[in-house]
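I opened a new page for this structure. My notes follow in the order in which I looked things up.

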Amino acid sequence: MIIHPIPPVYEKNSVRLILGSFPSVKSREEGFFYGHPRNRFWEILAKILDEKVPATIPEKKTMLLKHGIALWDVIKSCEIIGSSDASIKNAVPNDIMPILEQSRISKILINGGKAWELYQKHIAIGCSNAVVKNAIKMPSTSPANAAWTLEKLVQAW
């Protein structure tokens, strides 16, 4: 069982929450979200927000918070082989309610199919919170999602 090592990024003025599935090996080594150099998350966000692609963890946090974006993952702990979302077993969800209670989140975006599946199974089910219920599934920014070009991802996001 691997425990999620990265705390959520948010503040009281956060209005959007982006949830991934679980940090990749590279992200766990780096100590921050979307650490794999081929993951397009930071490039996509920078293009959408008209910002320079952040290189350091402080730059990434600053860009997120400047634009009211909170960031975390659906899963708190799980069994996983390498970085393969498809291999996730025995998932235990993160509790996102403290983020919703301590911020102004009005929209939740779910990054990718596996994150969506886990979100629906572990967080949305049985939850009456309208923001939680109305989450939006987004195409994965992972390099494994090769069918989606950077331009197509930017448009979708």
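**Entry: Tyr34.** I placed Tyr34 in the loop between α1 (25-30) and α2. Helices (H or I, at least four residues) and strands (E, at least two) are DSSP runs, numbered from the N terminus. Leaving aside neighbours within four places in sequence, Tyr34 is in contact (heavy atoms within 4.5 Å) with Gly20, Ser27, Asn39, Phe41, Trp42, Lys60, Leu71, Asn111 and Thr141. I also looked up Pro23, which is eleven residues from Tyr34 in sequence and 7.1 Å from it in space, C-alpha to C-alpha.

**Entry: the model.** I noted that this is a predicted model, where local features need pLDDT of at least 70 and side-chain atom pairs count only at pLDDT 80 or more, while totals for chains, interfaces and linings use all residues. Residues are numbered from 1 along each chain as its sequence is written, and side-chain values use heavy atoms, with hydrogens and water left out.

**Entry: helix α2.** In α2, I found Phe41, Trp42, Ile44, Leu45, Ala46 and Leu49 buried. These buried residues pack against β2, α3 (57-66), β3 (69-73), β6 and α7 (150-156). Just after α2, Asp50 has a positive phi of about 55°.

**Entry: the core.** Which residues have the most contacts inside the largest nonpolar core? I found Ile96, Ile108 and Tyr119, in a core of 46 residues. Helix α2 (residues 41-49) gives the most to this core, with six residues. A nonpolar core is a set of buried Ala, Val, Leu, Ile, Met, Phe, Trp, Tyr and Cys residues joined through side-chain atoms within 4.5 Å. Not counting residues up to four places away in sequence, Ile96 touches Leu17, Leu19, Trp72, Ile108, Tyr119, Ile123 and Val132.

**Entry: helix α5.** The buried residues of α5 are Lys114, Ala115, Leu118, Tyr119, Ile123 and Ala124. I listed what covers them, which includes β2, β4 (75-79), β5 (89-93), β6 and α6 (130-133). Gly126 follows α5 and has a positive phi, near 75°.

**Entry: the largest pocket.** I used a 1 Å grid over the protein atoms alone, on which a pocket is an open set of points, where a 1.4 Å probe fits, with protein on both sides within 12 Å along at least five of seven lines; lining residues have an atom within 4 Å of a point. The largest pocket has a volume of about 570 Å³. Its volume is the space filled by probe spheres set on the points, which are joined across faces, edges and corners. Of the 30 lining residues, Ser21, Asn39, Asp85, Ser140 and Ser142 lie nearest the centre. Helix α5 gives the most to this lining, with three residues.

**Entry: the second largest pocket.** This pocket has a volume of about 160 Å³. I found α2 giving the most to its lining, with three residues. Among the lining residues are Leu45, Ile48, Leu49, His67 and Trp157.

**Entry: cysteines.** How many disulfides does a search of the whole structure find? I got zero, a disulfide being a pair of cysteine sulfur atoms within 2.5 Å. Cys78 counts as buried because its relative accessibility is 0%, and Cys127 is buried at 15%.

Methods
Buried means under 20% relative accessible area, exposed over 50%, partly exposed in between (1.4 Å probe, protein chains only).
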